[in-house]
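This report walks through one structure, from a helix to its strands, its rings and its core. Keep the sequence and the 3D view open while reading.

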Amino acid sequence: PNLIKVDVYLNYLQQDNLVAGFLGFLDWSGEMLNPKHHRKGRFGAWWTHFALLLEFGDGTKFKLERNDEHNVVFERVDDELTMAVGATKTIEWFGEKEKSHVENFVLHQKGYPYNFVGKNCQHFAYDFFRCCLGDQRAKGSFEEFTEVCQSNL
């Protein structure tokens, strides 16, 4: 069966007061020093987890993410509630892609080690939309894509 739908789910990660304070300070500084180009909450958004819910033509659904254990997870889920606990669905993709394209993307991504700055869950979602789906929302920069996703929070 072909992939027919992808939902992006976002979930704020727990952070201690020190981290929250530091990110808040960075955002405040950015807003003061560069008010026209600093998006409100830009650094705080780093603490947002991205996960994807994939739906195939036969009705099966899979969770796809780079998780907090730094693994690429591609696992079948029974329903959308598995994703929705504490998370917000932000953007959707509808189309048709062969399942083999998804599987090749997953296999390729498993070869990359996790990196907080470069190969994290947010970059994983961006790469999936850009490389696997060819979605126009990911044709620009990484930051433009994440802003689109996070604008609904």
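The face of H3 that points away from its buried side carries two exposed residues, Asn104 and Leu107. The model is predicted. On the buried side of H3 are Val102, Phe105, Val106 and Gln109. H3 covers residues 99-110, which makes 12 residues. At 1.5 Å a residue, H3 should span 16 Å. The C-alpha atoms at its ends are 17 Å apart, which agrees.

Helix H5 covers residues 142-150. Its buried residues are Phe145, Thr146, Cys149 and Gln150. Seen down the axis of H5, they fall within an arc of 125 degrees, so they line one face of the helix.

**The strands**

Strand E3 spans residues 61-66. How many of its residues are buried? The count is 6 of 6. Both faces of E3 are covered. Lys61, Lys63 and Glu65 lie on one side, and Phe62, Leu64 and Arg66 lie on the other.

E3 has two partners to consider here. Strand E2, residues 48-56, runs antiparallel to E3 and is joined to it by 4 bridges. Leu54 stands opposite Phe62 in E3. Leu52 stands opposite Leu64 in E3. E2 is mostly covered as well, with 8 of its 9 residues buried. The hairpin of E2 and E3 has 4 residues between the strands. In that hairpin, Gly59 takes a positive phi near 90 degrees.

Strand E4 is residues 72-77. E4 and E3 run antiparallel and are joined by 6 bridges. Val77 in E4 is the bridge partner of Lys61.

**Aromatic rings**

The count comes to 8 aromatic pairs. Two of them are set out below.

| Pair | Type | Centre to centre | Angle between planes |
|---|---|---|---|
| Phe62 and Phe74 | stacked | 4.8 Å | 25 degrees |
| Phe128 and Phe129 | edge-to-face | 6.5 Å | 70 degrees |

Phe62 has a relative accessible area of 12%, and the cut-off for buried is under 20%, so Phe62 is buried. Phe74 is at 23% relative accessibility, so Phe74 counts as partly exposed.

Phe128 is buried, with a relative accessible area of 0%. Phe129 is also at 0% relative accessibility and counts as buried.

Some rings gather into a group. One aromatic cluster is formed by Phe105, Phe124, Tyr126, Phe128, Phe129, Phe142 and Phe145. Phe105 is among the buried residues of H3, and Phe145 is among the buried residues of H5.

A charged side chain also meets a ring. Lys99 lies over the face of Phe56, at 5.2 Å from the ring centre.

**The nonpolar core**

In soluble globular proteins, nonpolar side chains tend to be buried together. In this model, the largest nonpolar core has 26 residues. Which members touch the most others? They are Leu3, Val6, Leu52, Leu54, Phe128, Phe129 and Phe145. The elements that give two or more residues to this core are strand E1 (3-12), E2, E3, strand E5 (88-97), H3, helix H4 (121-132) and H5. H4 gives the most, with 6 residues.

Several of these members have come up before. Leu52 and Leu54 stand opposite Leu64 and Phe62 in E3. Phe128 and Phe129 make up the edge-to-face pair.

**A loop residue**

Where is Arg137 found? Arg137 is in the loop between H4 and H5. At 30% relative accessibility, Arg137 counts as partly exposed. Arg137 and Trp93 are 44 residues apart in sequence. In space, the C-alpha atoms of Arg137 and Trp93 are 9.9 Å apart.

Key: Residues are numbered from 1 along each chain as its sequence is written. This is a predicted model: local features need pLDDT of at least 70, side-chain atom pairs count only at pLDDT 80 or more; totals for chains, interfaces and linings use all residues. Side-chain values use heavy atoms; hydrogens and water are left out. The expected span of a helix is 1.5 Å times one less than its number of residues. Buried means under 20% relative accessible area, exposed over 50%, partly exposed in between (1.4 Å probe, protein chains only). Two strands pair if DSSP finds at least two bridges between them. The arc is that of the directions from the helix axis to the C-beta atoms. Rings of Phe, Tyr and Trp (its six-membered ring) pair if their centres lie within 6.5 Å; planes under 30 degrees apart count as stacked, over 60 as edge-to-face and the rest as tilted. A charge sits over a ring if NZ of Lys or CZ of Arg is within 6 Å of the ring centre and within 35 degrees of the ring normal. A nonpolar core is a set of buried Ala, Val, Leu, Ile, Met, Phe, Trp, Tyr and Cys residues joined through side-chain atoms within 4.5 Å.
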